[in-house]
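Please keep the sequence and the structure at hand while reading.

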Amino acid sequence: MHSDTDTLLSPLIERPVQTLNDGQKATAMVYRGVARTLIGRCDDGIADWRSALRLAPRHTVAMQNLALAYLQQGRFTRARYWLRRARKLRGNDPLLRSLRRQLYRAEWRRALVRVGRRWLRRPAWLVRAAHSRSPRVAQ
């Protein structure tokens with residue numbers, strides 16, 4: 001299926017991108033990242049947004065999309081990083097404030113555990129250990 005979507009996306013993106021300046025290429029990369037994410041290829045979308053930021057480092061839409069993608073993947077540290085960078089450039093944007101609230105809620109959901117009828121906060125070391133990328137090996 002991915003090869004079919006690549007053949008559909010490549011004439012739309014690759015050919016016109018070669019004649020554009022860096023800002024326009026970055027915008028095209030953002031749109032391609034959105035398209036790839038919509039068809040289920042989130043990692044490719046993230047790669048497109050990061051390459052858009054290499055072309056135009058102040059492209060806040062790419063930063064916002066990166067924060068949202070990392071939030072959906074559960075990678076809260078990276079989501080927080082890109083959200084902070086976007087908020088430095090566009091401080092009072094309501095979309096960024098909404099994304100920030102989503103991030104805080106997701107972090108709290110991960111940190112809470114239900115015991116009977118009560119919600120308890122897990123210790124920070126347990127939350128980090130449960131969601132770390134590399135498992136710790138006892139020696």
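Among contacts in the protein chain (heavy atoms within 4.5 Å) between residues at least 6 apart in sequence, 44% join residues at least 24 apart. This is a predicted model, in which local features need pLDDT of at least 70 and side-chain atom pairs count only at pLDDT 80 or more, while totals for chains, interfaces and linings use all residues. Residues are numbered from 1 along each chain as its sequence is written, and side-chain values use heavy atoms, with hydrogens and water left out.

The protein chain holds seven helices and two strands, where helices (H or I, at least four residues) and strands (E, at least two) are DSSP runs numbered from the N terminus. Read along the sequence, these elements follow the pattern α-α-α-α-α-α-β-β-α. Of the 139 residues in the protein chain, 32% are buried; buried means under 20% relative accessible area, exposed means over 50%, and partly exposed lies in between (1.4 Å probe, protein chains only).

Helix 2 covers residues 22–38, and its end C-alpha atoms are 24 Å apart, which agrees with the 24 Å that its 17 residues should span at 1.5 Å a residue, the expected span being 1.5 Å times one less than the number of residues. Its buried residues include Met29, Val30, Arg32 and Arg36. After helix 2 comes Gly40, whose phi is positive, near 100 degrees.

A nonpolar core is a set of buried Ala, Val, Leu, Ile, Met, Phe, Trp, Tyr and Cys residues joined through side-chain atoms within 4.5 Å. The largest such core has 25 residues, of which Ile46, Trp49, Leu66, Leu71 and Trp82 touch the most other members. Helices 2, 3, 4, 5 and 6 each supply at least two residues of this core, and helix 4 gives the most, with seven residues.

Leaving aside neighbours within four places in sequence, Trp82 is in contact with Arg50, Leu53, Met63, Leu66, Ala67 and Tyr70. Trp82 also forms an edge-to-face aromatic pair with Tyr81, at 5.0 Å centre to centre and 75 degrees between the planes; rings of Phe, Tyr and Trp (its six-membered ring) pair if their centres lie within 6.5 Å, with planes under 30 degrees apart counted as stacked, over 60 as edge-to-face and the rest as tilted.

| Residue | Relative accessible area | Class |
|---|---|---|
| Tyr81 | 45% | partly exposed |
| Trp82 | 7% | buried |
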